[in-house]
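Good morning, and thank you for coming.

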Amino acid sequence: MKEGKVCFDMGNRAITEGAIAAGARFYAGYPITPSTEIAETSSVRLPQVGGTYIQMEDEIGSIAAIIGASAAGVKSYTATSGPGFSLMQENLGVAVNTELPCVIIDVQRSGPSTGLATKAAQGDVMQARFGTHGDSEHIALAPASVQECYDFTIEAFNLSEKYRTPVIVLADKYIAHLRESFTMWQPREGDLVERRRPSCAAEDYRPHGYDKYPDAVAELADFGDEKYLTRFTSSTHDAIGEPCGKTENTIGFLNHYMKKISDNLDGIVRTKSFGMEDAEYVVIAYGCSVRSALGAMELGRARGVKIGVLQMVTVWPFPDKLIAETCARAKAVVVPELNLGQYVREVNRANTSSTPVIPVNRIDTEIITPQQILAAFEEVSK
């Protein structure tokens with residue numbers, strides 16, 4: 001654990017402090033339960049550090065504003081919940097297409113539509129991966145504690161800047177409203193990632209010239225820079241940003257949006273392992289369900305059942321190889337989720353062994369208990 005100020009606060013406020021620590025200086029958003037505290041805290045904290053807070057007319061305008069601020073060179077973020085995240089999907093695609101880094105915090109609640117506005121769920125998992133039309137890979141991180149709300153928000157900005165892509169912090173109501181101690185460490189030199197700035201001659205600058213770099217991430221100047229001309233369009237474009245419908249160009253860019261993520265999995269995918277060294281049974285979990293999984297591991301091991309927990313820090317992109325290896329080593333795998341089984345489908349898809357994968361689901365807005373996870377293992381071991 002890094003040293004810093006020890007605080008006792010809620011997840012939403014830790015997310016705001018994490019954004020500021022990461023260097024974010026622009027927030028545009030529309031209040032929506034259960035993410036509203038992020039907007040409230042940002043409205044106070046950003047002006048204190050020379051930043052800007054704007055309450056927008058809706059979620060569509062919110063994500064449009066942070067994309068614009070990012071184009072101008074400012075680290076930017078917004079926060080919402082399921083219904084607002086749905087409204088953001090088209091402009092999420094704009095951020096992918098223009099390759100403008102920004103962070104979208106989705107504090108999940110029960111749905112669909114308005115659902116139960118103050119109740120918890122984990123039903124936006126597939127929306128975070130496939131909500132935007134067209135082909136693209138997304139990065140999404142899911143915190144399971146207040147400390148991780150702070151840490152993962154900083155990491156979200158780093159990944160966003162490094163790969164010039166929008167990154168989603170896929171929180172949930174239980175973690176966002178949880179209050180517990182966390183360390184507010186301050187990033188030092190080397191802890192933060194900044195977008196790659198141009199150093200070439202002005203006439204050689206290609207803001208979308210991804211093929212010049214091994215990691216396929218091009219240099220990016222601020223929009224309006226006096227030396228470098230940067231063009232953005234939501235249409236398919238060429239290396240200098242001009243609309244271009246040529247077949248080879250289209251194929252190249254569509255593959256690029258996918259491959260700059262999928263070809264860099266080792267630098268993107270994050271997991272945490274608990275008791276996995278000798279585990280015979282494994283829980284694969286994310287978000288608030290991680291806490292229940294750890295409770296089940298403790299109870300199970302007290303009974304002589306060797307349970308391990310694999311926490312998916314990055315829910316997306318999905319690490320097929322890791323999940324396949326994890327399943328192959330286990331007698332059974334349980335995937336707990338506050339939905340009807342979204343992530344478990346990916347686990348089953350990646351599972352190339354005969355190991356049974358058991359979903360444990362709740363949609364009554366109550367958290368999954370450790371006992372429910374243990375019961376699933378007991379059922380399969382009969």
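Predicted model: local features only at pLDDT ≥ 70, side-chain atom pairs only at ≥ 80, totals over all residues.

Rolling a probe the size of a water molecule over the atoms shows where empty space is left. The largest pocket holds about 400 Å³ of space. How do the residues of its lining divide? There are 7 nonpolar, 10 polar and 5 charged residues in that lining. In total, 22 residues line the largest pocket, and those nearest its centre are R109, S110, G111, P112 and G123. Helix α4, residues 82–87, contributes the most to the lining, with 3 residues.

G111 and P112 are joined by a cis peptide bond, with omega about 5°. P112 sits in the loop between β5 and α6, the latter being residues 125–130. Another cis peptide bond links T33 to P34, again with omega about 5°. P34 belongs to the loop that lies between β2 (26–29) and α2 (36–48).

One further backbone detail concerns E99. Its phi is near 60°, which is a positive value in a residue other than glycine. E99 is placed in the loop between α5 (89–98) and β5.

I now turn to the sheets. Strands of a sheet pair through backbone hydrogen bonds, either parallel or antiparallel. An open sheet is formed by 7 strands, in the order β3-β2-β4-β5-β7-β6-β12, with mixed pairing. At the edges are β3 (52–55) and β12 (314–316), each of which pairs on one side only. On average, neighbouring strands of this sheet are turned by 25° against each other, direction ignored.

Within that sheet, β4 (residues 76–80) and β5 (residues 102–108) run parallel and are joined by 4 bridges. Opposite A79 stands I105 in β5. Helix α7, residues 146–163, lies across β4, β5, β6 (139–141) and β7 (166–172), and runs at about 160° to β7.

Another open sheet has 5 strands, in the order β9-β11-β10-β13-β14, and its pairing is also mixed. Its edge strands, each pairing on one side only, are β9 (271–274) and β14 (357–361). From one strand to the next, the twist averages 20°. Here β10 (residues 281–285) and β11 (residues 307–312) run parallel, joined by 5 bridges. Y281 has I307 of β11 as its bridge partner. Helix α11, residues 289–302, packs on this sheet and touches β9, β10, β11 and β13 (332–337); the direction of α11 makes about 165° with that of β11.

Finally, I come to a pair of helices. Two packed helices are described by the angle between their axes and the distance between the axes. Helix α12 (residues 320–329) packs against helix α13 (residues 343–350) at an angle of about 75°, and their axes are 8 Å apart. Angles of 65 to 115 degrees count as roughly perpendicular, and α12 and α13 are therefore roughly perpendicular to each other. Which residues make the contact? From α12 they are D320, I323, A324 and C327, and from α13 they are V347, R349 and A350. Of these contact residues, 5 are nonpolar, none is polar and 2 are charged.

Key: Residues numbered from 1 in each chain as written. Heavy atoms only, no water. 1 Å grid on protein atoms, 1.4 Å probe; cavity = no way out; pocket = protein on both sides within 12 Å on 5 of 7 lines; lining within 4 Å. Points joined across faces, edges and corners; volume = space filled by probe spheres on them. Helix = DSSP H or I, 4+ residues; strand = E, 2+ residues; numbered from the N terminus. Nonpolar A, V, L, I, M, F, W, Y, C, P; charged D, E, K, R; others polar. Pairing = 2+ DSSP bridges. Axes fitted to C-alpha atoms, helices over the stretch in contact; angles between N-to-C directions. Contact = heavy atoms within 4.5 Å. Parallel < 35°, antiparallel > 145°, perpendicular 65-115°, else oblique.
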